[in-house]
Amino acid sequence: MREIETIERSQLREDVTPFVPGDTVKVVIEIKETTGMGDKKTVRSRTQAFQGLVIRRQGSGARETFTVRKISFGVGVERTFPVHSPILKEITVVQEGDARRAKLYYIRKKVGKAARVRKKKLS
Amino acid sequence: MKAILGEKLGMTQIFKEDLVIPVTVLKAGPCVVTQVKVSEKDGYEAVQLGYGDLKPDRVNQPMKGHFKKASCEPVRFLAEVPLSVADYRPGQKVKVDIFAEGDRADVSGVSKGKGFTGVVKRWGFAGGPASHGSRFHRAPGSIGACATPSRVFKGKKLPGRMGADNVTVQNLLVVGVDQKRGLLLLRGAVPGPRGSLLVIRESVKGGKKRSVKR
């Protein structure tokens with residue numbers, strides 16, 4: 001078991017921004033795109049941002065993931081990322097939230113103003 | 001052909017470029033060649049490998065003699081593998097470095113025992129409806145006709161012991177090799193519980209040497 005822990009520890013990223021459920025974050029991911037086949041194959045990479053509310057943080061160690069929810073063109077979109085994934089270029093906390101629970105699934109049933117998390121007051 | 005004995009440590013996941021790869025971590029070797037069987041003497045060719053620490057007081061006299069012949073330390077597990085006899089001598093060590101990243105491997109072991117199980121779990125029977133007064137839930141149903149043939153056909157799928165079978169998983173990709181700690185990382189699952197003995201062989205299907213990313 002100790003060997004597995006060592007392997008998992010080697011997979012961890014040290015530059016992970018601290019954030020908790022209720023925060024609004026902007027996640028920038030790098031996407032690799034391949035075009036063509038064989039010799040004509042080219043790999044391009046571009047970045048894509050995903051901004052929304054963190055509704056869950058789950059798992060531990062290298063297996064930890066978090067879910068970001070946003071409303072896109074009136075449709076709720078949720079995306080789950082591994083916290084330590086190398087495709088994550090950047091995570092920035094746009095707004096700190098003051099959530100009273102760890103999993104904000106209730107947000108899914110709320111619309112408009114009710115679908116918000118209180119902003120964290122500076123203490 | 002190359003082979004090594006090892007033990008399953010468990011599963012985890014690792015990041016490779018932009019992918020998350022599910023891996024099984026195996027402790028492979030160091031193994032020792034305890035006997036080389038040759039056609040003239042034994043009627044067939046094989047190499048007997050040994051793996052695992054063993055307390056000296058756990059070795060009985062016949063086994064002590066067997067290990068003495070190979071002039072090696074006593075080991076806990078022995079397994080025969082059909083390797084090319086010319087390359088091996090008794091007492092020779094086999095380490096994980098016989099495998100490299102990108103190789104393909106077959107892994108054999110004894111699967112987890114499930115005990116006495118019913119037909120739904122053992123053979124995938126559909127079972128009946130759970131409710132609405134069906135009175136038929138997980139039973140096997142009819143097992144044959146009546147006066148003709150007056151018996152149950154051999155091989156009929158019935159409840160019984162499941163698991164604890166010899167199982168081989170073929171063509172697993174070697175994702176990583178840790179020579180220092182003797183670890184082997186294979187993509188996917190291998191048979192058996194953690195800590196069970198496994199025979200890791202070069203894949204018979206081979207396949208082209210590929211990068212870890214598919």
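This is a predicted model: local features need pLDDT of at least 70, side-chain atom pairs count only at pLDDT 80 or more; totals for chains, interfaces and linings use all residues.
**Stop 1: where the chains meet**

What you do get between chain B and chain A is 2 residue pairs in polar contact, with both residues at pLDDT 80 or more.

Now select strand 1 (3-16), strand 2 (19-28) and strand 11 (183-187) of chain B, the elements that each give two or more residues to the side touching chain A. Which of these gives the largest share of that side? Strand 1 of chain B does, with 7 residues. Colour the touching side of chain B by residue type, and you'll find 8 nonpolar, 3 polar and 4 charged residues.

Next, show the contacts themselves: 15 residues of chain B are in contact with 15 residues of chain A. The area buried between chain B and chain A is about 1300 Å², and carbon and sulfur atoms give 68% of that.

**Stop 2: the domains of chain B**

Domain 1 comes in pieces, 1-29 + 96-112 + 164-214, while domain 2 covers 30-94 and domain 3 covers 118-158. How many Å separate the centres of domain 1 and domain 3 of chain B? Taken over C-alpha atoms, it's 38 Å.

**Stop 3**

**Stop 4: a loop with two things to spot**

Head for the loop between helix 3 (119-123) and strand 9 (160-163) of chain B, where Pro149(B) sits. Select Thr148(B) as well, and check the peptide bond from Thr148(B) to Pro149(B): it is cis, with omega near 15°. Arg135(B) is in the loop between helix 3 and strand 9 too. Its phi is positive, about 60°, although Arg135(B) is not a glycine.

**Stop 5: rings in chain A**

Over all chains, the count comes to 3 aromatic pairs. Pick Phe50(A) and Phe81(A): their ring centres are 6.1 Å apart and their planes are at 70°, so this pair is edge-to-face. The pair links distant parts of the chain, 31 residues apart, with Phe50(A) in strand 2 (residues 42-58) and Phe81(A) in strand 4 (residues 75-82) of chain A.

Technical notes
Residues are numbered from 1 along each chain as its sequence is written. Chains are lettered from A and ligands numbered from 1 in the order in which they are written. Side-chain values use heavy atoms; hydrogens and water are left out. Contact means heavy atoms within 4.5 Å. Buried area is the accessible area (1.4 Å probe) that two parts lose on being put together, summed over both. A polar contact is a pair of N or O atoms within 3.5 Å; within protein, one must be able to donate a hydrogen and the other to accept it, and residues adjacent in sequence count only if both atoms are side-chain atoms. Helices (H or I, at least four residues) and strands (E, at least two) are DSSP runs, numbered from the N terminus. Ala, Val, Leu, Ile, Met, Phe, Trp, Tyr, Cys and Pro count as nonpolar, Asp, Glu, Lys and Arg as charged, and the others, Gly among them, as polar. Domain bounds come from an automatic or database domain assignment. Rings of Phe, Tyr and Trp (its six-membered ring) pair if their centres lie within 6.5 Å; planes under 30 degrees apart count as stacked, over 60 as edge-to-face and the rest as tilted.
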